[in-house]
There are 2 protein chains.
Amino acid sequence: MRLAIVGTGLIGCSVALAAREKLGAGATGWDPDPDSLAAAAERGALTPTASLADAVAQAEVVFVAAPVAELGQIVEQVLSLVGPDVLVTDVGSVKRGVVNANRDPRFVGGHPLAGREIGGAAHAQPDLFEGATWYLTPTETTAGVQLERAFRLLTDLGARPRVLSAEVHDQILATVSHLPHVFANLLVTEAGATLAAEGEPLPAIGPSFRDSTRVAGAPSSIWVDIYRANSDAIVERLRRVEADLAKFRAMLEADDSDAIKDWNELAAAEHRRLLVEGLDSEKTTSISVRVPNQSGVLAEIALTLGGAGIDLTDLQLHPAADRATGTIVLWVPQGEQAERAIGLIAELGHSVSEV
Amino acid sequence: MRLAIVGTGLIGCSVALAAREKLGAGATGWDPDPDSLAAAAERGALTPTASLADAVAQAEVVFVAAPVAELGQIVEQVLSLVGPDVLVTDVGSVKRGVVNANRDPRFVGGHPLAGREIGGAAHAQPDLFEGATWYLTPTETTAGVQLERAFRLLTDLGARPRVLSAEVHDQILATVSHLPHVFANLLVTEAGATLAAEGEPLPAIGPSFRDSTRVAGAPSSIWVDIYRANSDAIVERLRRVEADLAKFRAMLEADDSDAIKDWNELAAAEHRRLLVEGLDSEKTTSISVRVPNQSGVLAEIALTLGGAGIDLTDLQLHPAADRATGTIVLWVPQGEQAERAIGLIAELGHSVSEV
């Protein structure tokens with residue numbers, strides 16, 4: 001397989017390293033910053049090219065790893081340069097912009113939940129995506145065969161692909177990533193002010209404060225774009241959080257012991273549910289679905305399952321000899337999730353059975 | 001040395017284990033909960049007694065490790081039971097209440113920054129305090145000899161004592177501990193709501209969300225008291241944070257790229273200053289001070305240095321033969337801090353020199 005990497009920083013370069021190590025795939029690469037491109041070439045990750053067009057000319061799969069604000073336009077440019085069978089995907093942290101700007105059968109939006117505190121090709125590593133969730137955000141325009149290829153390729157790179165809509169992706173990321181970054185920033189700023197006022201250095205306070213502020217002041221070159229691209233979802237949460245803080249403050253001001261306790265117990269219950277019990281031990285089963293061979297069907301099914309909280313761990317597409325129909329095989333957790341998956345797929349009008 | 005441990009949970013029992021292992025000290029213990037007392041006895045940490053009075057009867061040092069809301073009253077009771085030479089200290093997370101209620105030469109408020117997510121004697125360990133900051137909050141009433149004993153004892157238990165006033169302690173803890181707990185609670189509650197609305201499980205998102213929420217829903221039996229006991233300091237910060245959140249939200253709503261960048265850069269600078277550069281490599285020097293042998297002098301000096309951000313790493317008290325005067329030796333970081341320390345101590349009217 002021949003890959004092209006557009007944007008050869010930490011993520012782009014790690015994709016190239018992983019593809020070579022795990023798939024024996026070669027990659028060409030291009031970056032508007034010559035230093036970044038040279039650094040990736042120095043790691044032996046890819047063959048540098050003189051232009052974006054040169055980089056993608058021979059590629060079967062193109063990864064666009066550019067800053068969030070430029071993704072829509074660069075993906076559009078790549079799509080205008082490559083042939084009808086090429087898979088184009090990206091790695092941006094916010095998905096609605098790039099996905100809505102590029103409704104093309106060849107494009108599948110993507111976002112690996114992997115990174116390091118220090119960017120750049122020098123810190124790239126082939127196992128960066130090992131076990132990491134890698135969101136895929138297809139639309140009804142996305143070709144099933146491209147979604148399948150993306151899913152398979154990411155699995156081969158060590159990641160766990162997970163299909164959901166760009167809208168749901170951006171809501172979830174606002175909560176589990178963007179809001180924690182805002183809080184971390186507020187905490188260090190507040191701590192700086194308090195400690196300066198009291199003339200104290202930061203106490204050796206064990207891991208709790210460090211943990212809460214580990215992501216504070218993440219690189220502005222990346223994060224200003226992320227905050228702006230997902231501002232509506234973040235603003236919605238900030239409004240809620242401001243109200244929740246004011247409510248908790250009122251409990252303290254009223255010294256309302258019962259209310260403080262209920263508030264803390266609710267958090268304890270959510271913490272247990274999300275982080276302790278949430279670690280699923282997966283035994284999967286496979287489900288076979290007969291489908292018409294047309295764009296968007298696989299995406300629709302995957303999005304339906306994703307939207308219902310069903311954990312799609314693998315998928316395969318088998319076109320029938322007539323090319324008009326095909327069979328999709330889906331792997332989902334045994335039991336309740338498998339049963340719900342079958343019900344939901346049947347509701348979409350497909351013939352479905354557990355294999 | 002004979003210790004008494006009042007409250008034989010995780011911290012109390014770990015103090016007993018550390019004292020036995022590092023000092024060969026024996027301990028008696030009492031807890032109003034017979035199960036907790038039995039568990040501590042089972043760990044071989046201490047000899048259980050039938051009452052608080054029995055526990056402290058033969059003790060030279062008493063550690064009160066009771067819930068924050070009960071500390072003031074229990075310390076008072078202990079002070080009424082023990083002799084004039086006994087050191088009484090506590091381990092509460094909020095200090096003004098217990099300290100203001102017990103202005104006694106024998107009492108030094110304390111607070112180790114150590115703990116585990118699971119409490120109880122069963123999880124106690126002798127190295128729990130190794131390298132941990134252990135705040136001491138003496139007042140002008142505290143006997144110098146007791147502050148010195150406490151400082152020495154905690155150092156021997158493996159901790160790093162640090163002297164500051166109860167007021168400053170409570171402000172700092174509001175920032176570096178209580179506020180992060182509030183944020184962690186809000187984050188899991190918000191995440192629970194979002195993920196439930198979107199039908200998604202928590203993504204395998206790497207450490208960032210887990211880190212930010214590790215302390216969410218900490219035990220209500222401990223934390224309701226902490227929030228209430230330090231509510232004024234927490235409320236003050238919540239007001240600031242609510243305003244800061246609203247300000248950041250306005251930047252997003254205005255799509256003000258420069259303001260978002262400045263806001264993030266400020267956090268990045270504070271993060272570097274507090275957490276990266278803040279790790280001091282300490283070379284210490286010793287300073288000798290001649291002082292009148294009277295209550296509160298050592299505490300005043302230690303508090304003055306602490307309040308000026310000077311890191312007091314050790315101290316010794318040498319009474320002169322006449323018992324009317326004495327010499328204090330203080331260890332502080334070489335260079336700028338040592339110079340400031342000498343200046344500040346001279347300003348207090350004492351004869352001071354670098355040794």
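The following conversation goes through selected features of a predicted model.

Q: Which residues of H4 in chain B are buried?
A: The buried set in H4(B) consists of Val68(B), Leu71(B), Gly72(B), Ile74(B), Val75(B) and Val78(B). In general, an α-helix has 3.6 residues a turn, so residues three or four places apart point the same way.

Q: And what does H4(B) reach from its first C-alpha to its last?
A: Helix H4(B) covers residues 68–81, which is 14 residues, and it reaches 20 Å, close to the 20 Å expected at 1.5 Å a residue.

Q: What about H6 in chain B: which residues are buried there?
A: Buried in H6(B) are Gly144(B), Gln146(B), Leu147(B), Ala150(B), Phe151(B), Leu153(B) and Leu154(B). The helix, residues 144–156, has 13 residues and spans 18 Å between its first and last C-alpha, close to the 18 Å expected.

Q: Which residue with a positive phi follows H6(B)?
A: That residue is Gly158(B), with phi near 100°.

Q: Switching to the sheet: what is the strand order in chain B?
A: The order is E3-E2-E1-E4-E5-E6-E7-E8 in chain B, an open sheet of eight strands with mixed pairing.

Q: Which strands stand at the edges, and why is one side of each left without a neighbour?
A: The edges are E3 (47–48) and E8 (160–163) of chain B; each has a single partner strand, so one side of each lacks a neighbour in the sheet.

Q: How many bridges join E7 to E8 in chain B?
A: Four bridges join E7(B), residues 133–137, to E8(B), and the two strands run parallel. Within this pairing, Leu136(B) has Val163(B) as its bridge partner.

Q: How do E7 and E8 run in chain A, parallel or antiparallel?
A: In chain A, E7 (residues 133–137) and E8 run parallel and are joined by four bridges. Leu136(A) is opposite Val163(A) of E8(A).

Q: Are the faces of E8(A) covered or uncovered?
A: Both faces of E8(A) are covered. Arg160(A) and Arg162(A) lie on one side, Pro161(A) and Val163(A) on the other, and all of them are buried. As a general point, side chains in a regular strand alternate between the two faces of the sheet.

Q: At what angle do H6 and H12 of chain A cross?
A: The axes of H6(A), residues 144–156, and H12(A), residues 297–307, cross at roughly 55° and come within 7 Å. That angle makes H6(A) oblique to H12(A).

Q: Which residues meet there?
A: From H6(A), Gly144(A), Leu147(A) and Glu148(A) meet Val297(A), Leu298(A), Ala299(A) and Ala302(A) of H12(A). This contact divides into five nonpolar residues, one polar and one charged.

Q: How many residues of chain B are in contact with chain A?
A: There are 88 residues of chain B in contact with 87 residues of chain A. Elements of chain B that each supply at least two residues to that side include E8, H7 (166–198) and H10 (231–253).

Q: Which element supplies the largest share, and how do the residues divide?
A: H7(B) gives the largest share of the side of chain B that touches chain A, with 22 residues. That side divides into 43 nonpolar, 23 polar and 22 charged residues.

Q: One last topic: where does Pro67(A) lie?
A: Pro67(A) is in the loop between strand E4 (61–64) and helix H4 (68–81) of chain A.

Q: Why does Pro67(A) count as partly exposed?
A: Pro67(A) counts as partly exposed because it has 17 C-beta neighbours inside 10 Å, whereas a buried residue needs 20 or more.

Q: What does Pro67(A) touch beyond four places in sequence?
A: Pro67(A) touches Ile222(A) and Asp225(A). Its C-alpha is also 9.4 Å from that of Trp223(A), although Pro67(A) and Trp223(A) are 156 residues apart in sequence.

How values were computed
Residues numbered from 1 in each chain as written. Chains lettered and ligands numbered in written order. Predicted model: local features only at pLDDT ≥ 70, side-chain atom pairs only at ≥ 80, totals over all residues. Expected span 1.5 Å × (residues − 1). Buried ≥ 20, exposed ≤ 12 C-beta atoms within 10 Å, placed from the backbone. Pairing = 2+ DSSP bridges. Axes fitted to C-alpha atoms, helices over the stretch in contact; angles between N-to-C directions. Parallel < 35°, antiparallel > 145°, perpendicular 65-115°, else oblique. Contact = placed C-beta atoms within 7 Å. Nonpolar A, V, L, I, M, F, W, Y, C, P; charged D, E, K, R; others polar.
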